[in-house]
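Morning, everyone. Please bring up the model on your screens, and we will walk through it together.

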Amino acid sequence: MKEIEIVILGTSDVHGKISSVNHVDKTKDDQKGMAKAATYIQAERKLNKHVLLIDNGDLIQGTPFAHYAMTETEVLNPIVQVLDYLQYDAAVLGNHEFNYGKERLDKVVSQSSFPWLSANIVKKGTNEPYFGQPYMIKEFDGVKVAVLGLTTKYIPHWESDRHIEAFDFLDPVDKGREWVRFLKEEEQSDIVIVSYHGGFEYDPVTNKKIAEHTGENQANELQALEGVDVLLTGHQHLQYAVVTEEQKVMLQPGTQAEFVGKVDLTVRKEGNEVSIQKVIAELIPINLCMPDDTIVSMLKPIELEVDEWLDEKIATVSHRVAIEDPIHDVWLQEHPFIEWINRAMMKHTGAAIACTSLLRPDTLDINEAVSRRDVHALYPYPNSLAVVELTSEDIRQALEVSASFLMVHEDGQVYINSDWERPRLLSYNYDMWEGIEYTIDLRRPIGERVVDLSLDGEPLKNGLYEVVTSSYRASGSGGYYMFGKGKIIKDYNRDMVELLVEDLKREGELLVEVNQNWKVIY
């Protein structure tokens, strides 16, 4: 009989956050990033003989650095370089891995020394895992530990068809049940880890509902599968480290490598019998870690390139414009940045109506000139454009969704509806529209707040209206069920950030102006 200590380390939703430098605002150390997490990971390797290191998806997208690596350079992807250097055992496909299309994703996978796992992403029309390996097995002193990769099946609801036409996204619970049984019975695995890029519908601590029942987040069902010992999750950017009474683990380590998930397993092996004796699960904050020197040196050349690229001045600005308080500066009244984005989308597509949101509810100050960095600060996601056909009632209902974002106290103070703050702040789902006129009255009940809706001064009539928006919103995401892929009539294979940069370069100036086509009463 012997006891074996096995340490499982997990990251998830890193979103291209490698350096501790914030490339949007040039903060020298924002207390996050894989360079800092690496220091902790390397320390764990020195302390422990048996370490398993897994990334749970949404790795290659999310920062200007990642965007540059995916679109502006042909060298080995630096994010892959970092994971190779840290000797990751595996990574799982997240939904954002598909944002740049199949060709670029295939290139990233081919550059990686570690396998990319996903048992439920298969070649179109088959049951064959597209990326080859549905699982991996690593042996520690005769104990077989299996890692099964699964990904949310909801990707087709968000992603452009041209990016995913080679794939089918099967139900992760069905495939999980099938593969866990295989790993136990055929592979004779002693410990089974499911690494699922998806989250929870019900909080694993309180059991309170935190997400709608859409099939996007199926971690609760996966946790209940027989044979699953450790469940690594992600996608929701939440933080959980839970050990159940049955000694099962549920882990979710937030985002941007702010935490590293850690599971300590004490395993007893007697002959061919293996049993888990002790389990500890925790989230390790990396804010106090120093960045790993090797990674800092490794990234320095490309970071200099990225900074030069981001600092490019692409247009002047008619006068200083800023966001200091998003509620009062943007969400209660029209803001030039939002108007500009909407008008740029309308110019590019010819649509007469547009809607967009403030994607980063942070402060921003632009004076004299607009840089590429400023555009990335305003629009951090790799969305493309889509034009949808909506009825007047669809538009009204969409406005009612946005109108539920803000509430007003009896004293007249406006605040964010708590329903929009769980499980995290969902302000990117508060849309502001151009091309129509409307009034929102926050004093009225939710669902009855749009008190005026017109086009060119006349009430919207029955019929269809072409509306341009992001690919994310066009898919119906964010609670906008009146949108949806079935209503898309045109989509555009252009990254939104590049479209905005092109618009500024063409115009040469960002005009700081608004036309007051909507207002909020409170």
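Let me start with one residue. Find histidine 335. It is in the loop between helix H10, residues 326–331, and helix H11, residues 336–349. Buried or exposed? Histidine 335 is buried: its relative accessible area is 5%, and the cut-off for buried is under 20%. What does histidine 335 touch, once we set aside neighbours within four places in sequence? The contacts are Val321, Ala322, Ile323, Asp329, Val330 and Val514.

Before going on, a reminder. This is a predicted model.

Now zoom out to the whole chain. The protein chain has 15 helices and 30 strands. Its radius of gyration is 24 Å, close to the 24 Å that the globule rule gives for 522 residues, so the chain is as compact as a globular protein of that length. Along the principal axes, the C-alpha atoms fill a box of roughly 80 × 50 × 45 Å.

How much of the chain is buried? Of the 522 residues, 59% count as buried. The chain exposes about 21500 Å², and carbon and sulfur atoms supply 46% of that. Next, the contacts with a separation of 6 or more. Residues 24 or more positions apart account for 75% of them.

Arginine 181 is in helix H7, residues 172–185. With a relative accessible area of 42%, arginine 181 is partly exposed. Now pick glycine 463, which is 282 residues away from arginine 181 along the chain. The C-alpha atoms of these two residues are separated by 53 Å.

On to the strands. Look at strand E7, residues 143–151. E7 is mostly covered, with 8 of its 9 residues buried. Which strands does E7 join? One is strand E6, residues 135–140: 6 bridges link E6 and E7, and the two run antiparallel. Phenylalanine 140 stands opposite valine 143 in E7. The hairpin of E6 and E7 has 2 residues between the strands. There, aspartate 141 takes a positive phi near 50 degrees.

Another is strand E9, residues 191–197. Here 7 bridges make the join, and E7 and E9 run parallel. Valine 145 stands opposite isoleucine 191 in E9.

Isoleucine 440 has valine 450 in E25 as its bridge partner.

Last, the cysteines. How many disulfides does the structure hold? The count is 0. Cysteine 289 is buried, at a relative accessible area of 16%. Cysteine 355 is also buried, at 1%.

That is the tour. Over to you.

How values were computed
Residues are numbered from 1 along each chain as its sequence is written. This is a predicted model: local features need pLDDT of at least 70, side-chain atom pairs count only at pLDDT 80 or more; totals for chains, interfaces and linings use all residues. Side-chain values use heavy atoms; hydrogens and water are left out. A disulfide is a pair of cysteine sulfur atoms within 2.5 Å. Buried means under 20% relative accessible area, exposed over 50%, partly exposed in between (1.4 Å probe, protein chains only). Helices (H or I, at least four residues) and strands (E, at least two) are DSSP runs, numbered from the N terminus. Contact means heavy atoms within 4.5 Å. Two strands pair if DSSP finds at least two bridges between them. The radius of gyration is taken over C-alpha atoms; the globule rule is 2.2 Å times the number of residues to the power 0.38. Accessible areas come from the Shrake-Rupley method with a 1.4 Å probe; for residues, only the protein chains shown count as cover.
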